[in-house]
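Please look over the sequence and the model together before reading on. The paragraphs that follow lead from a pair of helices to the sheet and then to the loops.

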Amino acid sequence: MDAATMASFEKTRSLSHQAVRSLCYAPFVNLFFDRLGDARVCCWNWKVPVGNVLRNTMDEIWNGPEINQLREKLAAYELAKGCEFCEFQTADGVLGGAKMTQFDRFQVSAPSPAWPKQIEFSISNACNLECVMCDGNHSSAIRAHRENRPPMPRLYSDAFLESMRPYLAHLAHAKFLGGEPFLVTEHFRIWDMMLEDGLTTTCHVTTNGTQYNDRIQRYLDRLRFAFAISLDAATKETYEVIRVNASFDEVMANSRRFRQYARERKTAFGFTFCLMRSNWHEFGQLCMMADEWDANMSVNTVHKPASLGIYTLPVAELRLVLDGLERQAGDLDRRLVRNKKVWFDEVERIRARVRSGDRPTGLIVIEPASPRAQSVSA
């Protein structure tokens, strides 16, 4: 960021509760475990693991030199190695929805905190869907049926999961991603440990919405869950082309159950949207639906496969996408409330890309939901 952008960025943040100033608080508050056993500080930085479950203990991961180097760099207000996605997000001075700000809410009281405040588990590719933007590293169904590859090994031993027990006790938040989180055996082991220790930590699940059964209900009854439903379209026709093997009607029925649960437990419920060439035209419609459901919408940016993402379009074609969205702007400005900022922030980001003529290529990996496309799994 240049100095002017940095000053504008700081004005968007409320950091009075922080004892340590940092450009990003991810390495101070967060750990993200992936399906290769790597520990990272967030789901967008895939270049700089801070440890691996096959080589390091939990204590070594959280207190090791790799994570401390990231802390020092970001505390000096410099984007560290691996922070290219946040650099991409803010390159045009468009700061709305910047991913790094999601960590600002967790209080940091020391340069080397004793415990993380959040752990994100994306430790298995177990999934029943074969979404068009996904691959076999993030979906076991794609790996078996489309790629004809053997299953991925299970790297998270019972012993390592058990070593997480004291860390679970200090969490303000635990996030579960996929694959499909409700198909991951290790997640149920973690939830069992939380039950055994009487924890009330909110478990946030980014789910494809296809799974709802008596076993899941038993955990919902005994723990505190929040949900993000991966819903990449507002219509059955578009949805079922993107999310192969899923039934739009079934997912909507399950989503209503999850929403009712969240209302009763006073937890979060929202939708995630993977913005692509095949569905950008339904982005506004889905934001409207989220408003009607009193749910938050979050946007995931797809860069790979390059043939699917909008930001990999030639500028002239990206301008056509922008024109189509801007034709909706007047109506959505009048009608959107809860998700107005989400919609307009993304349109402004596209507008800035068109203005700059920048055409990013390749993959900038991030979430929740799955690392392949900014949380594309589930």
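Axes are lines fitted to C-alpha atoms, for helices over the stretch in contact, and angles run from 0 to 180 degrees between N-to-C directions. In this predicted model, the axes of helices H13 and H14 come within 11 Å and cross at roughly 5°. Angles under 35 degrees count as roughly parallel, and H13 and H14 are therefore roughly parallel to each other. On the H13 side the contact is made by Gly284, Met288 and Asp291, and on the H14 side by Gln328, Leu332 and Arg335. By class, the residues of this contact between H13 and H14 divide into 2 nonpolar, 2 polar and 2 charged.

Helix H13 covers residues 283–292. Because 8 of its 10 residues are buried, H13 is largely enclosed by the rest of the structure. The buried residues are Phe283, Gly284, Leu286, Cys287, Met288, Met289, Ala290 and Asp291. They pack against helices H12, H14 and H15 and against strands E8 and E9.

One of these neighbours, helix H12 (248–265), has 18 residues and reaches 25 Å from its first C-alpha to its last, close to the 26 Å expected at 1.5 Å a residue. Its buried residues are Phe248, Val251, Met252, Asn254, Ser255, Phe258, Arg259, Tyr261 and Ala262. What covers the buried residues of H12 includes strands E6, E7 and E8 as well as helices H10, H11 and H13. H12 is followed by lysine 266, whose phi is positive, near 60°.

The strands named so far belong to a sheet. It is an open sheet of 9 strands with mixed pairing, in the order E3-E2-E1-E4-E5-E6-E7-E8-E9. Its edge strands are E3 (51–52) and E9 (296–301), each of which pairs on one side only. Within the sheet, strand E7 (residues 224–230) and strand E8 (residues 269–275) pair in the parallel sense over 4 bridges. Phenylalanine 227 has phenylalanine 269, in E8, as its bridge partner. Helix H15 (residues 340–356) packs on the sheet, where it touches E8 and E9, and its direction makes about 20° with that of E9.

Most residues other than glycine have a negative phi, and most peptide bonds are trans. Which residue takes a positive phi just after H13? Aspartate 294 does, with a phi of about 55°, and this residue is found in the loop between H13 and strand E9. Aspartate 294 counts as partly exposed because its relative accessibility is 47%. Asparagine 148 also has a positive phi of about 55° although it is not a glycine. This asparagine is found in the loop between helix H6 (140–145) and helix H7 (158–163). At 64% relative accessibility, asparagine 148 counts as exposed.

Cis peptide bonds come next. One joins glycine 178 and glycine 179, with omega about 0°. Glycine 179 lies in the loop between strand E5 (173–176) and helix H9 (185–196). The peptide bond from lysine 304 to proline 305 is also cis, with omega near 0°.

Technical notes
Residues are numbered from 1 along each chain as its sequence is written. This is a predicted model: local features need pLDDT of at least 70, side-chain atom pairs count only at pLDDT 80 or more; totals for chains, interfaces and linings use all residues. Side-chain values use heavy atoms; hydrogens and water are left out. Two strands pair if DSSP finds at least two bridges between them. Helices (H or I, at least four residues) and strands (E, at least two) are DSSP runs, numbered from the N terminus. Contact means heavy atoms within 4.5 Å. Buried means under 20% relative accessible area, exposed over 50%, partly exposed in between (1.4 Å probe, protein chains only). Angles under 35 degrees count as roughly parallel, over 145 as roughly antiparallel, 65 to 115 as roughly perpendicular and the rest as oblique. Ala, Val, Leu, Ile, Met, Phe, Trp, Tyr, Cys and Pro count as nonpolar, Asp, Glu, Lys and Arg as charged, and the others, Gly among them, as polar. The expected span of a helix is 1.5 Å times one less than its number of residues.
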